[in-house]
Protein chains: 2
Amino acid sequence: MIDTTPAELRLNLGRNLTHGLLDALGRAIVTGQYDDGPFPTEAELAKQHGVSRSVTREAVKMLTAKGLVSARPRQGTIVQPRSSWNLFDTDVLRWLLNRKFSIELLRQFNQLRSAIEPEAAALAAVLADDGDLAAINAGLERMKAAETGADQILEADIAFHVAVLKGSKNPFFAQFQDVVATALRSSIQFTNRIKGHSASIPDHAAVAHAIVKRQPEKARTAMKKLVSDVLDLMDTVEQEKNGKAAKRR
Amino acid sequence: MIDTTPAELRLNLGRNLTHGLLDALGRAIVTGQYDDGPFPTEAELAKQHGVSRSVTREAVKMLTAKGLVSARPRQGTIVQPRSSWNLFDTDVLRWLLNRKFSIELLRQFNQLRSAIEPEAAALAAVLADDGDLAAINAGLERMKAAETGADQILEADIAFHVAVLKGSKNPFFAQFQDVVATALRSSIQFTNRIKGHSASIPDHAAVAHAIVKRQPEKARTAMKKLVSDVLDLMDTVEQEKNGKAAKRR
DNA sequence: ATGTCCTATTCGTCATATAAATGAACAGTA
DNA sequence: TACTGTTCATTTATATGACGAATAGGACAT
């Protein structure tokens, strides 16, 4: 039942048929729909989803650009090994994290955050301009204000971390704005559990304060603590899930 | 003179017309060819490069997937702001680093490496399997062996760092395999200057030794030193270039 | 000045035809 | 048998032409 209709494709997420098909195929690939059987041919895809070959080809081209598939004449289109998927493409990341059983991936993502964000905070403490500082403080204030609101606090949390990344003035760190935002939004089903704990206002305030005061080392350690706490909490959750045996770190 | 011919497109880098056009357009965009004027319409692009609208559309779709452009009816295709380009797409990164005047970007990339690779080394010290350890040692041996060879040492260096990233067993760190490899290869024009210094065999050996001995902290600090040295050297080069005024860091 | 409607432009989609690439089967040869 | 070159079928790659849908911007009326 991987077939869809044009109407469904439009609804899905895409602004148009191509994006809808892209989304459907992306989800199907990351959930392993084509792990045993081969990827359908252009003609089959077009027929299954009730769209033209043009739409099919352009969707597949976008999948190619994201590293999920490669296409060659006679061989057909083949799903690439996971190692060549572009995990920092927000579409790919969203597809992966919206799957079931992606807690481990989310944990690994937070491992990455614990490498990235402290360094970004240190850079921001040196390089952030007035606008960045204002955005960081605004995010913090939003968190304080939304301390009661349901999911507003998630968006406030995102705004804070995004502002710090932007403040680093390094485009590679700034790139993680979208990635972090996507990851946090895509993993609500897991983070709900943690939300109450992770949204530690004082810890966030410590980061903001250090950055505003232009203290890189303090900013680094404060952010390190912030992300590490989330990571530890995730480990705890995972250990509970595993019953008793905690595997690693 | 941004026009090309089909033959040139095939030669460029692409296996076919679509990839050739993708490459030509990607380079043109990152070099700011369309910063003042608007991006050409489908019909114009097809005419300028002597290809059909199908090829044009599929190339533009790939650019869309990489975040370089967005397309809407009547509005046309527009180049997105740099902040939404996917810097961790190897194509985009290569286009950017092959530009002139990208030393600053390369420095910022090494800032990222100094955040990523030490953490990856620490993880590898805990999680790397026998194959990973063998690959790390192999990379080190290749560096020793190629100490005389001209550019072989670059590939050996890449192999070493890639092996460490892979050994982290974290797909997000592993993702940087391609990114780091692309960056190092794309920046030969700058790294030639540094090569002699950066290829410090003892420092690399220290990292490998710590990982094999399962000492995460030692691996982290050793890798940190390795990348920081490159970063410092780049700062020095940049300062020389700027005459006398050193700006930051 | 404001809101409504119209129209030209551009991407979006569809359909069809032909070319190019390549894996596999096959035939030929030593 | 083992190797080599050829043919063939399949699938993507490219080309072409047509029509639909959305909308920016102007014309127009109020």
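Start at the second largest pocket of this predicted model, which has a volume of about 570 Å³. Select A:Lys66, A:Thr90, A:Asp91, B:Thr64 and B:Gly67: of the 27 residues that line the second largest pocket, these are the closest to its centre. Then colour the elements that give two or more residues to this lining: α2 (17-30), α5 (90-98) and α9 (171-186) from chain A, and α4 (53-65) and β1 (69-72) from chain B. The largest share, 4 residues, comes from α5(A). Coloured by class, the lining of the second largest pocket shows 9 nonpolar, 10 polar and 8 charged residues.

Next, go to the largest pocket, with about 660 Å³ of space. Its lining has 29 residues, and those closest to the centre are A:Thr64, A:Gly67, B:Lys66, B:Thr90 and B:Asp91. The elements that give two or more residues here are α4 (53-65) and β1 (69-72) of chain A, along with α2 (17-30), α5 (90-98) and α10 (176-186) of chain B. The lining of the largest pocket divides into 9 nonpolar, 11 polar and 9 charged residues.

Now show both chains whole. Chain B superposes on chain A by a rotation of 180 degrees, with 0.0 Å of shift along the axis and an RMSD of 0.0 Å. The two copies are therefore related as by a two-fold rotation axis. The same surface serves both copies, since 94% of the contact residues of chain B recur in chain A.

Turn to the largest nonpolar core, which has 100 residues. Select A:Leu68, A:Leu112, A:Phe176, B:Leu68, B:Leu112 and B:Phe176, the members that touch the most others. Centre the view on B:Leu112. Which residues is B:Leu112 in contact with, leaving aside its neighbours within four places in sequence? From chain A they are A:Ile116, A:Phe172, A:Phe173 and A:Phe176, and from chain B they are B:Phe88 and B:Phe176.

The last two stops concern the backbone. Most residues other than glycine have a negative phi. Select A:Lys169, in the loop between α8 (152-167) and α9 of chain A. A:Lys169 has a positive phi, near 60 degrees, and is not a glycine. Is the residue buried or partly exposed? With a relative accessible area of 35%, A:Lys169 is partly exposed, because this class lies between under 20% for buried and over 50% for exposed.

Finish at A:Arg214, in the loop between α11 (201-212) and α12 (216-241) of chain A. A:Arg214 is not a glycine, yet has a positive phi of about 60 degrees. Its relative accessibility is 36%, so A:Arg214 counts as partly exposed.

Key:
Residues numbered from 1 in each chain as written. Chains lettered and ligands numbered in written order. Predicted model: local features only at pLDDT ≥ 70, side-chain atom pairs only at ≥ 80, totals over all residues. Heavy atoms only, no water. Least-squares fit on C-alpha atoms with pLDDT ≥ 70 in both. Contact = heavy atoms within 4.5 Å. 1 Å grid on protein atoms, 1.4 Å probe; cavity = no way out; pocket = protein on both sides within 12 Å on 5 of 7 lines; lining within 4 Å. Points joined across faces, edges and corners; volume = space filled by probe spheres on them. Nonpolar A, V, L, I, M, F, W, Y, C, P; charged D, E, K, R; others polar. Core = buried A, V, L, I, M, F, W, Y, C linked by side-chain atoms within 4.5 Å. Buried < 20%, exposed > 50% of the residue type's maximum accessible area, 1.4 Å probe, protein only.
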